[in-house]
Amino acid sequence: MFGILSAGIAPGLALISYFYLRDQYEQEPVLNVFKMFLFGAILTFPIMFMQYVIDAEKIIVNEYVQSFISTAFLEEFFKWFILFLVIYPHADFDEPYDGIVYGASISLGFATVENILYLLGNGIEFAMGRALLPVSSHALFGVLMGYYLGKAKFNIAGSPAKWIFLSFFIPFILHGFYDSILVGKRWIYYIIPFMLFLWYVGLKKAKHAHILSKRHLQNQNEEETAAF
């Protein structure tokens with residue numbers, strides 16, 4: 001039991017630490033990050049219940065449609081909704097990179113509980129595959145969600161409405177494609193390049209968020225200096 005819990009928690013903890021420690025300027029309060037992780041963990045249960053009902057009642061029969069609606073839409077929408085409702089207006093969300101930290105946190109809270117439940121039902125031998133695929137992909141969907149929310153909050157190169165829409169739509173579409181790949185017969189040939197692409201995009205957005213945060217803080221300093 002302890003081994004399964006450790007294997008279930010470790011990937012999420014490692015990925016949260018990675019994105020949290022990459023915040024080069026003003027790291028977020030640990031309590032806020034933990035709260036978002038907890039929100040994500042709690043979301044797992046109502047989402048899984050809705051998915052169970054959809055599956056049991058055969059509301060969606062086609063596996064590919066189910067990948068986009070029952071899985072991707074439900075999971076990404078509720079994570080996005082909590083981020084937008086709780087964190088987006090929060091005073092501690094004070095630089096673009098913060099969105100990535102909070103986005104990864106809520107996604108990894110969800111992924112960690114889902115991972116533990118899967119390992120309890122199927123065995124610890126799946127731990128490595130789960131860490132490399134579902135847990136990592138959830139983290140990267142959260143990174144992209146937070147990246148676009150950061151651009152929205154700080155009015156970067158476009159209207160906030162556009163970035164808010166993309167903060168949900170892009171993770172939703174990518175998540176849908178991810179699950180669609182897994183229901184295919186030769187999924188192993190497609191999931192590896194897809195995950196490499198996802199890591200490339202996620203790390204590129206994280207790097208760009210650092211640049212945006214640096215510019216934001218420089219602008220703030222200049223405004224404060226000018227005020228004196």
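**Aromatic pairs and charges over rings**

Tutor: A search of the whole structure finds 25 aromatic pairs, where rings of Phe, Tyr and Trp (its six-membered ring) pair if their centres lie within 6.5 Å, and planes under 30 degrees apart count as stacked, over 60 as edge-to-face and the rest as tilted. This is a predicted model, in which local features need pLDDT of at least 70, side-chain atom pairs count only at pLDDT 80 or more, and totals for chains, interfaces and linings use all residues. Residues are numbered from 1 along each chain as its sequence is written, and side-chain values use heavy atoms, with hydrogens and water left out.

Student: Which kind of pair do F77 and W80 form?

Tutor: The ring centres of F77 and W80 are 6.0 Å apart. Their planes stand at 35° to each other, so by the cut-offs given the pair is tilted.

Student: Is W80 buried or exposed?

Tutor: Buried means under 20% relative accessible area, exposed over 50%, and partly exposed in between (1.4 Å probe, protein chains only). The relative accessible area of W80 is 13%, so W80 is buried.

Student: Which kind of pair do the rings of F93 and F154 form?

Tutor: The ring centres of F93 and F154 lie 5.9 Å apart. Because their planes are at 70°, the pair is edge-to-face.

Student: Which ring lies under the charged end of K151?

Tutor: A charge sits over a ring if NZ of Lys or CZ of Arg is within 6 Å of the ring centre and within 35 degrees of the ring normal. The charged end of K151 is 4.0 Å from the centre of the ring it sits over, which belongs to W163.
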